[in-house]
Amino acid sequence: MGGVCTHQTVFSDEELEEYSNLTYFSKAEVLYAFKRFSMLDPVRVAQNRNAKLTMRTILNNLNELSVNPFKERICKVFSSSGNGDLTFEDFLDMMSVFSEEAPKSLKIQWAFRVYDFDDDRRLNRKDLQILLSQLCGQDAELLDDDKRLSTRDQREIVDQILQEGDLDQDDSLSFPEFEILISKCPEFLNTFRIKL
Ligand SMILES: [Ca+2]
Ligand SMILES: [Ca+2]
């Protein structure tokens with residue numbers, strides 16, 4: 001029996017129940033999530049179900065995430081060790097937040113953490129500029145030079161975002177300000193969806 005095939009005996013019923021309670025997944029989905037985690041590095045996970053897989057391994061093998069412009073930042077915010085490496089529990093949390101069942105309010109909370117690149121709980125100009133360049137960077141290679149966002153364009157967009165969203169005018173977006181702003185553009189959350 002290979003590692004992937006033994007998943008039915010990997011967790012006790014109580015463990016499955018607990019994982020199901022802590023996520024938006026049924027017990028069957030938790031098992032399927034484990035199967036997907038195992039497939040990222042079958043040998044290591046077969047040896048140890050708590051194996052911590054490197055960010056590189058995850059991004060090389062999880063296509064749905066590797067196409068996301070914020071892939072590395074996403075791994076980092078879900079990584080219990082903070083470096084982007086994920087245990088199964090980290091992975092399960094991530095897949096749960098990215099699932100269709102997770103409420104929009106939860107996705108917005110995690111989106112804020114992903115976009116808060118310097119982890120100071122505010123989105124300042126620097127965060128917004130990194131956000132824009134990562135968001136556009138994905139397609140930049142496919143675009144002609146004249147269609148790419150210049151630094152000046154980016155600065156103008158950051159100005160517009162702050163003009164609209166920075167209600168207390170401290171030149172950054174707090175979480176409540178971000179929440180109001182992002183609820184006006186729901187398609188922004190499309191980067192927060194992965195089918196299990
Ligand atoms: Ca910040
Ligand atoms: Ca503000």
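# Legends to the close-up views

**Val-158 is in contact with Arg-125, Leu-128, Gln-129 and Leu-132, its neighbours within four places in sequence being left aside.** Two residues are in contact if their C-beta atoms, placed from the backbone, lie within 7 Å. The structure is a predicted model, in which local features need pLDDT of at least 70 and side-chain atom pairs count only at pLDDT 80 or more, while totals for chains, interfaces and linings use all residues. Residues are numbered from 1 along each chain as its sequence is written, and chains are lettered from A and ligands numbered from 1 in the order in which they are written. Val-158 belongs to helix α11 (residues 151-165). Helices (H or I, at least four residues) and strands (E, at least two) are DSSP runs, numbered from the N terminus. From Val-158 to Leu-132 the C-alpha distance is 8.3 Å, and the two are 26 residues apart along the chain. Val-158 has 19 other C-beta atoms within 10 Å and is therefore partly exposed. A residue is buried if 20 or more other C-beta atoms lie within 10 Å of its own, exposed if 12 or fewer, and partly exposed in between, with C-beta atoms placed from the backbone.

**Leu-92 sits in helix α8 (residues 88-97).** Leu-92 counts as buried because it has 23 C-beta neighbours inside 10 Å. Apart from neighbours within four places in sequence, the contacts of Leu-92 are Tyr-19, Thr-23, Val-30 and Ala-33. Thr-23 is 69 residues away from Leu-92 in sequence, yet their C-alpha atoms are 7.7 Å apart.

**Helix α3 (residues 27-40) includes Val-30 and Ala-33 among its buried residues.** Seen down the helix axis, the buried residues of α3 fall within an arc of 145 degrees, so they line one face. The arc is that of the directions from the helix axis to the C-beta atoms. An α-helix has 3.6 residues a turn, so residues three or four places apart point the same way. The 14 residues of α3 should span 20 Å at 1.5 Å a residue, and the end C-alpha atoms are 20 Å apart, which agrees. The expected span is 1.5 Å times one less than the number of residues.

**Helix α9 (residues 104-115) has twelve residues.** The distance from its first C-alpha to its last is 16 Å, close to the 16 Å expected at 1.5 Å a residue. Ala-111, Phe-112, Val-114 and Tyr-115 are buried in α9. These buried residues line one face of α9, because they fall within an arc of 160 degrees when seen down its axis.

**Asp-119 and Asp-171 are shown in their loops.** Asp-119 is in the loop between α9 and β1 (123-124), and Asp-171 is in the loop between α11 and β2 (172-173). Phi of Asp-119 is near 55 degrees, a positive value in a residue other than glycine. For Asp-171, also a residue other than glycine, phi is positive and near 70 degrees. Most residues other than glycine have a negative phi. Asp-119 counts as exposed, with 11 C-beta neighbours inside 10 Å. Asp-171 is exposed, having 10 other C-beta atoms within 10 Å.

**Domain 1 (7-97) and domain 2 (104-191) divide the protein.** These bounds come from an automatic or database domain assignment. The centres of domain 1 and domain 2, taken over C-alpha atoms, are separated by 27 Å. In this view, seven residues of domain 1 are in contact with eleven residues of domain 2. Helix α7 (residues 71-78) supplies three residues, the largest share of the side of domain 1 that touches domain 2. That side of domain 1 consists of five nonpolar residues, one polar and one charged. Ala, Val, Leu, Ile, Met, Phe, Trp, Tyr, Cys and Pro count as nonpolar, Asp, Glu, Lys and Arg as charged, and the others, Gly among them, as polar.

The pLDDT is the predictor's confidence in each residue, from 0 to 100. Over the protein, the mean pLDDT is 90, and 90% of residues reach 70 or more.
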